Amino acid sequence: MPTRQIGWNVSEVAFAAMYLLVAVQALVLAYGFTRRYLTWRRGRPYGPIDQVGERLRQALAVAFVHRRLIRPGYVYAGLMHLFIFWGFVVLFIGTLIVLLEADIARPYFGFSFYQGAFYVVYKLVINLFGLLFLIGLLMAVYRRYLQKLPKFRRSLSDDAIVLGILLFLGLTGFLLEALRLSATRDEAAPIHWVAYPLSLALNGVDPSILAGAHAVTWWSHMLANTALLVYVPVSKLAHIVTGPTNVFLRATDARAALPLIKNIEEQEHFGVAKLDDFNWKQLVNFDACMRCGRCLDFCPTFNTGKPLKPRQLIVEVGAYMNRRAGLFAGPAGPRISEAGVRGSELTSPDEPSLAQVALAADLIGDVVSEDELWDCTTCRACMEQCPVRIEHVPLIVEMRRNLVLEQSRFPQELVLLFNNLERNGNPYSFPASSRADWAAAAGVQELSAVADPSELEVIYWVGCMSSFDARNQRVATALAKILTAAGVKFAILGKEESCSGDPARRAGNEYLYQILAQTNIERLNQYQPKRVVASCPHCFNTLKNEYPQLGGTFEVVHHSQLIQELIDSGRLRVAPEAVRDGRMAYHDPCYLGRYNQVYDAPREVMNRVEGGFVELPRCRDRGFCCGAGGARAFMEEKRGTRISHNRLNEAIGTEASGVAVACPFCVTMFEDGVRALNVEERFAVRDIAEIVADGL
Ligand code: SF4
Ligand code: SF4
């Protein structure tokens with residue numbers, strides 16, 4: 001019957017030492033994670049935690065099935081991680097079984113399950129997962145060091161330590177088995193199907209040499225295992241625990257809404273200036289990063305050479321947080337040491353420790369630069385791709401809030417934006433009274449002139465861009481033409497409409513946002529609309545997802561959804577040859593796609609015109625921002641290359657004759673882009689409403 005001697009060549013002293021090491025590992029793990037937990041709890045209160053069951057399900061799915069890790073485009077990386085994770089888990093369980101057999105089952109119960117069929121299956125499985133573990137590690141070495149991806153250039157030292165220890169453990173595990181098989185001439189050797197060929201190569205070596213090599217390998221394996229487990233709580237490996245914890249805690253209530261500052265009039269402190277200003281759930285984000293770099297893949301700032309790199313922001317703040325708490329946090333966090341603590345007053349004349357430096361460094365300025373904070377377009381590409389649900393955008397906006405509302409430090413262009421929003425209710429210098437001028441020419445009526453607003457099917461929320469910008473007024477006119485053709489009774493708020501508040505909110509001016517939002521909510525409540533249709537995804541998102549925080553709950557649809565509905569119901573007929581500009585590429589606006597998951601409606605509409613549309617390489621949840629979100633449309637793009645040009649060049653590189661969009665900000669960014677790139681004669685920029693209106 002196949003079996004083996006447990007603890008061959010391992011003395012009782014060595015076994016005792018091993019248990020001592022296990023105790024040390026357990027204590028260090030418990031201490032490390034308790035310190036992390038206590039560090040998080042220094043943040044502001046957060047809670048209560050709702051939907052515990054659903055949260056738990058998602059956290060476990062991420063931890064054990066790698067649900068967000070294995071996705072289209074990330075199959076290699078997902079499988080790599082799965083092999084390493086499950087390889088380690090199964091080998092760990094295998095070791096526990098050995099100890100259970102050696103120290104409990106045999107001595108106390110005279111029972112052994114380490115024989116016969118169980119033993120055969122156990123060995124076959126252990127060898128399989130040991131091999132997968134090694135394959136996963138070699139895949140990681142290839143990805144990190146040989147593929148030379150730009151996103152991994154700065155994250156190599158922590159990776160090298162972790163991969164080095166894991167590889168050593170995997171290889172010495174098989175070597176131990178091979179040495180034993182060869183020295184003991186084990187008859188069941190072939191069931192150790194990975195270690196067996198190696199043991200054949202060792203046959204002929206003197207058994208005493210094999211035993212000596214086995215003892216050395218055993219000790220080095222034990223010590224490496226201890227080093228690994230001691231390293232877990234202070235390195236990127238902490239994500240094994242903190243990643244699923246972050247998934248468990250993520251915001252589930254308002255996917256596309258920023259957190260509301262309640263009773264803003266009564267507040268004396270706004271946003272985040274120092275770590276403790278974050279709530280404790282937000283602090284967990286900074287500890288959860290697994291350094292995979294997926295947040296960089298579609299980030300417009302990283303891909304156009306700007307200072308903001310979402311992974312670096314999270315890792316640097318995490319290192320800063322842990323060093324302030326006196327917890328070494330791996331080799332990451334060069335900025336704290338590089339900062340030299342500008343302007344700080346260290347009392348020690350000696351070289352300051354990293355903890356001292358971190359204590360004296362400021363969150364904004366030393367660890368995160370203001371340029372980084374203002375570069376973000378809030379496009380959400382980072383959040384969408386992050387396997388452990390780190391929520392970069394709310395963290396960035398919290399810091400913007402402090403800069404704007406407390407320190408009055410923000411880009412000069414925003415002074416004009418805030419002043420115009422306050423005075424005119426729009427981001428420009430146009431008087432509020434001229435908001436509906438375009439409508440008079442287009443024959444669109446304002447609500448104030450409608451005798452019975454309850455008869456209206458929808459209120460068309462035009463938004464500032466389409467109300468005042470001549471190019472986008474053509475889009476508003478096209479949508480009005482479509483609604484009229486479909487027999488939809490509608491009107492606009494006109495002079496009663498103000499900016500939805502989106503640019504103010506994303507720029508950190510929550511106070512101004514709430515004033516604008518409350519004014520609009522009062523107006524809309526007055527008219528009790530059955531439905532609101534918005535042609536601007538930023539307005540659509542704000543009205544739909546953020547106004548409910550202030551008591552304004554309305555049914556809001558985007559114009560792409562309404563047009564699709566009208567076509568599907570037969571109320572609107574579009575001639576297929578509508579596209580006069582040829583077959584166009586469709587660009588997903590971030591606030592329509594990633595924020596609200598409206599991917600199909602505009603595509604359905606584009607499919608009704610001749611030739612359909614061209615799908616861009618970066619599309620749907622991987623769409624690339626046009627550069628306008630997060631109030632960036634109102635700021636100069638001074639750093640790196642232009643985001644809109646990056647996107648346009650991608651579209652120009654396809655067979656498309658132009659780019660179709662569903663957002664007035666995208667229209668403006670791309671119109672400017674085609675002129676700057678000198679392709680306006682051959683590459684069109686059109687909103688889907690214009691395309692459909694052509695075919696009526
Ligand atoms: S929201 Fe967009 S621009 Fe901002 S960090 Fe994330 S991916 Fe980059
Ligand atoms: S923030 Fe998320 S996506 Fe970015 S490197 Fe960290 S874990 Fe990966």
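Begin at the interface of domain 1 and domain 2, where the rule finds 1 salt bridge. To see who makes it, select lysine 151 and aspartate 297: their side chains meet there, with 3.1 Å from N to O. Keep in mind while you look that this is a predicted model.

Now colour the domains. The domain assignment puts domain 1 at 50-247, domain 2 at 266-405 and domain 3 at 414-694. How far apart are the C-alpha centres of domain 1 and domain 2? They lie 33 Å from each other.

Show the surface where these two domains meet. On one side, 26 residues of domain 1 are in contact with 32 residues of domain 2. Together the two domains bury about 2,300 Å², and carbon and sulfur atoms give 50% of that area. Which residues of domain 1 lose the most area to domain 2? Select Arg68, Lys151 and Asn246, which together make up 29% of what that side buries.

Switch to a cartoon view and pick out α2 (52-65), α3 (75-109), α5 (156-184) and α8 (239-249), each of which supplies at least two residues of the side of domain 1 that touches domain 2. Of the elements on that side, α8 gives the most, with 6 residues. Colour the side by class and you'll get 9 nonpolar, 10 polar and 7 charged residues.

Time for the ligands. Select ligand 1 and the 13 residues that surround it; the closest are Cys299, Cys376, Cys379, Arg380 and Cys382. The shell of ligand 1 has 9 nonpolar, 3 polar and 1 charged residues. Then hop to ligand 2, where 13 residues form the surroundings and the closest are Cys289, Cys292, Gly293, Cys295 and Cys386. Here the classes come to 8 nonpolar, 2 polar and 3 charged residues.

Most residues other than glycine have a negative phi, and most peptide bonds are trans. Now zoom in on glycine 47 and proline 48: a cis peptide bond joins them, with omega about 0°. You'll find proline 48 in the loop between α1 (12-40) and α2. Last stop, arginine 185: its phi is positive, near 50°. Arginine 185 sits in the loop between α5 and α6 (195-202).

Methods. Residues are numbered from 1 along each chain as its sequence is written. Chains are lettered from A and ligands numbered from 1 in the order in which they are written. This is a predicted model: local features need pLDDT of at least 70, side-chain atom pairs count only at pLDDT 80 or more; totals for chains, interfaces and linings use all residues. Side-chain values use heavy atoms; hydrogens and water are left out. A residue is near a molecule or strand if one of its heavy atoms lies within 4 Å of it. Ala, Val, Leu, Ile, Met, Phe, Trp, Tyr, Cys and Pro count as nonpolar, Asp, Glu, Lys and Arg as charged, and the others, Gly among them, as polar. Domain bounds come from an automatic or database domain assignment. Contact means heavy atoms within 4.5 Å. Buried area is the accessible area (1.4 Å probe) that two parts lose on being put together, summed over both. A salt bridge is a side-chain nitrogen of Lys or Arg within 4 Å of a carboxyl oxygen of Asp or Glu. Helices (H or I, at least four residues) and strands (E, at least two) are DSSP runs, numbered from the N terminus.
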